[in-house]
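This report covers the strand pairing, the domains and the chain contact of the structure shown below.

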Amino acid sequence: MSTFHLQIVTPDGIFFDGQAQRIRLRGTEGDFCIMKNHTDFVTALSTGVTRIILEDGTVKEAACNGGMVSVTKDITRVIAVTFEWAESIDLQRAQAAKEQAEQNLKDATNIKEQKLAEAKLKRAMTRIHLAQD
Amino acid sequence: MAGASMKDIKIRIKSVESTMQITKAMELVASSKLRHAKERVEKARPYFTTLHAALTDIAYSNTEFASPFIAKREVKKVCYVVIAGDRGLAGGYNSNIFKAVETAAGSAAYSVLPIGKKSVEYFERRKKDLVTKHYANVEDVNIGDCFEMGKILADGFLKGDFDELYLVYTNFVSMLSQVPATVKMLPVNYDEEYAKQSGPKNLIQYEPSSEAVFDNIVPQYIAGMIYGGLSESWASELGARRTAMDAASKNAGEMISDLSLKYNRARQASITQELTEIVSGAEAL
């Protein structure tokens, strides 16, 4: 199968730089998938599971949060806020984060706090979901 | 009395020696942390450059681009994000950054988002408007905190709390040279003339729209800039501390050799005096 150049960068460094067959991401408008010869495309990302099919057909999953993706003819760049491969997720930490977020959600006194807690809860749930698979 | 001054000198040497131990230890700690800090700077750089490139691309993608983040407003109030250290003993590191803020701000009113204990203390003492005092520990500020700041600042800008946003940090040029720098973050630099001239360059599909994507990533862009500045500043602080401590250790070494010379002289003088006393005593018999 034909492949394209995929790069995943976050503030913690470059997570992936190489050829991929396919990548599925969650954008603010819903899930979408990018393959070779995709039209030039830019969109913002939300929190969700990212699924990448590498050159040799292996499937890799990761928790991806925020940022944007930019597709050009030569390169597809995922510029994420946080990015964690499924195998490197610390389940205990994710569960602790989930509990903390739930507590925060209960204690929230204004909409801003509530939104922050909700976003945190969503991130934690994504990570737990991935780690348990 | 020669004996008492000998004792004084000895106490002094001991005290300088213990100070030198501290300065040496601090120098070592700073050196080892500096390596990690420099790695962090290198790691964060690709993210930031790509984000910046993407943002510029979007802004110049069509001629009719409009976003509240690029609109220039009459500047009534400015906000500065000031990154300084948590501790002193780093040469001019902290005071240089505050001087840079004072020069940039002039006499106009401004608010501050201080990062680092020294920064919080400095602006609190001067009774400036502080956005938050939450980030008083520069070593513990992580990327998540930066995104929070990005959100707070972008919201503040949209609400009209301030009309321009600057980042004041220290650029890590080399081990020996760290220079304070001021960068404008909001409104995002946008040249209308250039946009008109260049025209629509390529047909990129934006979802849902170029404006929506742009507004969505601006807070992240601010966060990325703060994080970049933070990494640079942290490396600079350690570099400055290392240099300062190196100089202090050298000075202490000089002082010790100076004092040892004095001590030996005093010792010799007291021995000579004792000898003459014995000799003259024997003669008197």
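## The sheet of chain B

In this predicted model, B:S111 has B:D129, in strand 3 of chain B, as its bridge partner. The two strands concerned, strand 2 (residues 110–115) and strand 3 of chain B, pair in the parallel sense over 2 bridges. They belong to an open sheet of 5 strands in chain B, ordered 3-2-1-4-5, with mixed pairing. Strand 3 (129–130) and strand 5 (178–186) of chain B are at the edges with a single partner strand each, so one side of each has no neighbour in the sheet.

Helix 6 (residues 210–284) of chain B lies across strand 1, strand 2, strand 4 (164–172) and strand 5 of chain B, and runs at about 35° to strand 4 of chain B.

## Domains of chain A

Chain A is split into domain 1 (4–87) and domain 2 (90–132). Taken over C-alpha atoms, the centres of domain 1 and domain 2 of chain A are separated by 23 Å. Their contact involves 8 residues from domain 1 of chain A and 6 residues from domain 2 of chain A.

On the domain 1 side of chain A, strand 5 (48–54) and strand 6 (59–65) of chain A each supply at least two residues. Strand 6 of chain A gives the most, with 3 residues. By type, the residues on this side of domain 1 of chain A are 3 nonpolar, 3 polar and 2 charged.

## Contact between the chains

Chain A puts 22 residues into the contact and chain B 23 residues. On the chain A side, the elements giving two or more residues are strand 1 (4–10), strand 2 (13–27), strand 4 (41–44), strand 7 (68–71) and strand 8 (76–79) of chain A. Strand 4 of chain A has the largest share, 4 residues. The chain A side divides into 9 nonpolar, 9 polar and 4 charged residues.

Strand 4 of chain A also pairs with strand 6 (residues 205–207) of chain B, in the parallel sense and over 3 bridges. A:F41 stands opposite B:Q205 in strand 6 of chain B.

## Confidence

The model scores ipTM 0.71 and pTM 0.78. Chain B has a mean pLDDT of 86, with 95% of its residues at 70 or more. Among the elements of chain B, strand 1 (residues 78–83) has the highest mean pLDDT (92) and helix 5 (residues 192–198) the lowest (69). Where pLDDT is low, the predicted coordinates should not be read in detail.

Key
Residues are numbered from 1 along each chain as its sequence is written. Chains are lettered from A and ligands numbered from 1 in the order in which they are written. This is a predicted model: local features need pLDDT of at least 70, side-chain atom pairs count only at pLDDT 80 or more; totals for chains, interfaces and linings use all residues. pLDDT is the predictor's confidence in each residue, from 0 to 100. Domain bounds come from an automatic or database domain assignment. Two residues are in contact if their C-beta atoms, placed from the backbone, lie within 7 Å. Ala, Val, Leu, Ile, Met, Phe, Trp, Tyr, Cys and Pro count as nonpolar, Asp, Glu, Lys and Arg as charged, and the others, Gly among them, as polar. Two strands pair if DSSP finds at least two bridges between them. Axes are lines fitted to C-alpha atoms, for helices over the stretch in contact, and angles run from 0 to 180 degrees between N-to-C directions.
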